[in-house]
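Here are my notes for a first look at this one. Have the sequence and the model open side by side, and take the points in order.

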Amino acid sequence: MSEQPSEGPHAAGIVGVAVPHNPRARRLRSKVWNDFSKERLPDGSHVAVCHHCHKQLTASSRSGTTHLKNHLAICLSTGTRPARGRRRKLVVRRLLLRQVDQNAGPATADSTPIGYDPNAFDQETSRQDLARMIVRHGYRFSIVDDSGFRTFVTNLQPGFRIPTRESVQSDCMRIHDAARSRLRVALANLPSRVSLSADMWRSAVAGTDYLSLTCHYITDEWKLKKKILNFIQVDSASTSADITSNILEKCQEWGIEKKIVSVVLDNCLYSDEVGPELLQLLHNKFDLFHVRSCAHILNLIIQESLELVRDLTDRVRASIRYVKLSQVRFIRFQEAVKQSGLEIDPRPTFLAHDTNSNNVNNNWASLYVMLESVCRYQKAFARLFEWDPEYRAYASADDWPAVSALTECLDVLYHTMEKLPTVENPTANLYFNEICAIHLLLKEWCTNRYTVVATMATQMLEKFEQYWEVNKTVMAFASILDPRYKTKSVEYFFRVVYKDPYESKSRIDGIQASFIRLYNEYAAESAGQSKNEPVFYKGTGRAGTVAGSGLDYSSGAHNKTFSRITLSDAKRGLDQYLEETSSGQTVKSDLDLYLEEAVLRNKEGRVDEASFDVLAWWRAFSAKYPVLSLMARDILGVPVSIVPLDGDARTLNDYLSTMDPVTVEGLICAQDWLRDEDEGPKAEDGTSAASGASDLNGTHGANNVDVPILTK
């Protein structure tokens, strides 16, 4: 046989003529040997010769067969086209080999999957895979009627009977029912408590409202999770009592009514009434928290307060319209830019903004971006006001300093709000410092020398403090449970926000007292669940006791000789001795130990703001702080912020808007539940082949993401 180039880590230096493999050697069981022959070279090494291209590859006992399968897939796809019947067999074989590579796991010498049958095909399994695909990626049921889809499936597997759209819908609902059962069992077995959030969605076509209930919790592995429990249609005539009853009923169906630690109802009908009513009905031996989403509340506060300065912002919009709607005026503006010593831009960015106040009325973020881009040219607009008679009705030279001050305030709020939703599955400890800083700035802005800023800040502060009174406790608790801060953040910010020493001390003491009271509730429950209570031996005081030891050789052993005293007899008085000598010592709780230790710092002695994972820290130290870790797992999972910066109304897409409410709930919930269960095949780099699209609700952790059914 002529010498051929070879591949593989052991093939270098192969010289000579190959001889057939010894038939009495170990049997080659892998199906890849149907396309290869194993032959031995004169130097004793072995090669695998491809039947199709006659290429030699290494065939040592340690090299396995994965490289042979990879070669075969390439060889069959690029080689000479065989006859039509044989071509189809080779194509099918290539696809099967690729499936083997994906499912077989780590390769071993001459290994094949146990029970692997290249001719196996299961109609029911493939049908379920189709339904899972439709649910997971939000495809239409009618995809099964598309000619392109049918052609693709038929060529891929002629034996597959494509179901009707009605059958696909039924299959998808069965997937929902099975996933619901699994989730209900998981929630029932969850040792931690959960948080409940509710927000409203609107149908884009029918105009009907839906209430989405989401459960937030931290698993035994200290991963933050959230699951959509229900997505139910709400009648526009519903009262607060109806909404409360509906939510309570769903909680009871899931069996979590006794496990709720907090409720977030900001974007919900009658949230101000529903929240207190629901807390009263759900009340158990633990304290419950009614939380207001900080991103949602701040959005509303800023938007409402900007109405007070609308005259000024409207003049700015009018100035932009003046420049952009006429080429002659734009040339005048460019001349004013030149005279002001600014860099001339042939197309300034502020010209791209929508200047119709009606279109941006509910989006203060776009207003900030517009003001930030136009403030760079305030000198040019001031000069234009001086020598262009037609411009005199717009923003004057006196307006621009106030516009600049307003923009600086919005810049701080914008970048703070921008950070709130960027962390995937954010824990509650991330917000206390940011919100306290906003509180402090609002108080300072109230005395700003520009009336527009002071007026806006005064109204914002009034509304902000109403929100702060509701949220400060749970946010402070979460900050205390952050080992980087503990009680230090609470002490510092309360002292600078509340200038009166008596008020600041009273508020700090109130937070600490509430924290200790909640800790004691967890400690009492933990002690009640403990099965191994300490048992102390009580000495008899009879003769035979070793002085100072409490050891009584004769206790319970009257008939024993000295030589038959056991080891347990010798140690019998140890418990009593420990009790007597330790009675004056104070036993410290894990809360005392946690607070006495120094706050966590990085190697440079600073707070690690970027990479610190509070859940990973608590997972590592949960054994050291057994009671406090139970409390941390509940508090850190509270969804303090759940609405993104631009989140106003949440809207169902057109496809879902045409469906009945039961199907809508089934598809939305099933897609959310399958995200953790069905991660799909892994790529060579270990990542999921399904990753890369936008996520419906973004979880706690590196979960796979898919095209969402819902749109905003």
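1. Start with H54: with 45% relative accessibility, H54 is classed as partly exposed. (Buried means under 20% relative accessible area, exposed over 50%, partly exposed in between, with a 1.4 Å probe and protein chains only.) H54 sits in the loop between β4 (46-50) and β5 (56-58). Helices here are DSSP runs of H or I with at least four residues, strands are runs of E with at least two, and both are numbered from the N terminus. The backbone of H54 stands out too: its phi is positive, about 60 degrees, although H54 is not a glycine. Most residues other than glycine have a negative phi.

2. A quick word on ground rules. This is a predicted model, where local features need pLDDT of at least 70, side-chain atom pairs count only at pLDDT 80 or more, and totals for chains, interfaces and linings use all residues. Residues are numbered from 1 along each chain as its sequence is written, and side-chain values use heavy atoms, with hydrogens and water left out.

3. Now try W222. Is W222 buried or exposed? W222 counts as buried, because its relative accessibility is 7%. W222 also has a positive phi of about 60 degrees without being a glycine. Look for W222 in the loop between β7 (209-218) and β8 (224-234).

4. That loop belongs to a hairpin: β7 and β8 have five residues between them, with W222 in the turn. The two strands pair in the antiparallel sense over ten bridges (two strands pair if DSSP finds at least two bridges between them).

5. β7 itself deserves a slow look. Ten of its ten residues are buried, so β7 is largely enclosed by the rest of the structure. Both of its faces are covered: D209, L211, L213, C215 and Y217 are buried on one side, and Y210, S212, T214, H216 and I218 are buried on the other.

6. Next to consider is β6. This strand (residues 194-203) is mostly covered, with nine of its ten residues buried. β6 runs antiparallel to β7, and eight bridges join them. Two handy positions are M200, which stands opposite L211 in β7, and D199, whose bridge partner in β7 is S212. Here again there is a hairpin with five residues between the strands, and G207 in the turn has a positive phi of about 75 degrees.

7. Which other strands pair with β6? One is β9 (residues 260-264), which pairs with β6 in the parallel sense over four bridges; V194 stands opposite I260 there. Another is β13 (residues 650-652), which runs parallel to β6 and is joined to it by three bridges. In β13, L652 is the bridge partner of S203.

8. Finally, the whole chain. The secondary structure comes to 24 helices and 14 strands. Of the 712 residues, 44% count as buried. Among contacts (heavy atoms within 4.5 Å) with a separation of 6 or more, 69% come from residues 24 or more positions apart. The accessible surface comes to about 36,900 Å², with 51% of that belonging to carbon and sulfur atoms; these areas come from the Shrake-Rupley method with a 1.4 Å probe, and for residues only the protein chains shown count as cover.
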